[in-house]
Amino acid sequence: MEELKRMMDLLGISEEDAMNLVLSGVSPSQPGGVRQAWRGMDYYGRSAPSASDIWGLYVEADFRCTECGSQVRTTVDHIDGNPKNHDLSNLRVLCLSCNLARRRGRGVRFPNRGLTIYRFVVAHMGEHGEFPTNRQILDGTGIDKLAVSTYLVKYLRARLVTVS
Ligand SMILES: [Zn+2]
């Protein structure tokens with residue numbers, strides 16, 4: 001909790017913002033929306049289990065990813081990789097990062113990518129008193145390229161570097 005409090009202070013995040021983010025992050029996908037999406041796409045065979053069956057999967061999984069236990073951005077995954085096989089025994093709850101990693105057929109390369117970058121930047125600033133270069137961030141975190149995190153780094157720089 002102390003690290004969370006510090007992050008909120010450093011980034012100027014209000015408690016209400018943080019609480020709203022937590023709730024939106026852990027809210028499961030709307031079963032009706034999942035059902036509608038699957039029924040609307042050839043990829044999913046234009047069929048889907050009932051909304052209550054989909055909800056039942058979440059309840060059974062305690063609203064957690066069945067791989068890593070995270071409650072953040074959970075999705076419904078087809079275990080055998082066949083998006084048309086909606087047999088309930090073929091469905092499980094996975095968080096988005098485990099689901100994407102599985103679809104790409106490899107492990108999650110950088111789970112908590114943003115958090116890893118944040119922690120590195122804060123530690124680096126504490127140690128050196130200045131914001132790290134992109135190269136230092138990549139070398140320090142082991143991430144191969146900033147890509148989707150480019151604007152997170154820009155945001156952190158804008159928030160953490162006080163111009164005097
Ligand atoms: Zn997961």
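Reader: At what angle do helix α6 and helix α8 pack?

Author: This is a predicted model, where local features need pLDDT of at least 70, side-chain atom pairs count only at pLDDT 80 or more, and totals for chains, interfaces and linings use all residues. Residues are numbered from 1 along each chain as its sequence is written. Helices are DSSP runs (H or I, at least four residues), numbered from the N terminus, and axes are lines fitted to C-alpha atoms over the stretch in contact, with angles running from 0 to 180 degrees between N-to-C directions. For α6 (residues 113-128) and α8 (residues 150-160), the axes sit 11 Å apart and the angle is about 35 degrees.

Reader: Which residues of α8 make the contact?

Author: Contact here means C-beta atoms, placed from the backbone, within 7 Å. From α6 come Gly114, Ile117, Tyr118, Val121 and Met125. Facing them, α8 supplies Leu152, Val153, Leu156 and Leu160.

Reader: Which residues of α6 are buried, and how do they sit around the axis?

Author: Buried means 20 or more other C-beta atoms lie within 10 Å of a residue's own, exposed means 12 or fewer, and partly exposed is in between. In α6, the buried ones are Ile117, Tyr118, Phe120 and Val121. Taking directions from the helix axis to the C-beta atoms, the buried residues of α6 line one face because they fall within an arc of 165 degrees.

Reader: And which exposed residues does the face turned away from that buried side carry?

Author: The buried side has α7 (134-141) and α8 among its cover. Turned away from that side, the exposed residues of α6 are Ala123, Gly126 and Glu127.

Note on methods:
Helices (H or I, at least four residues) and strands (E, at least two) are DSSP runs, numbered from the N terminus. Two residues are in contact if their C-beta atoms, placed from the backbone, lie within 7 Å.
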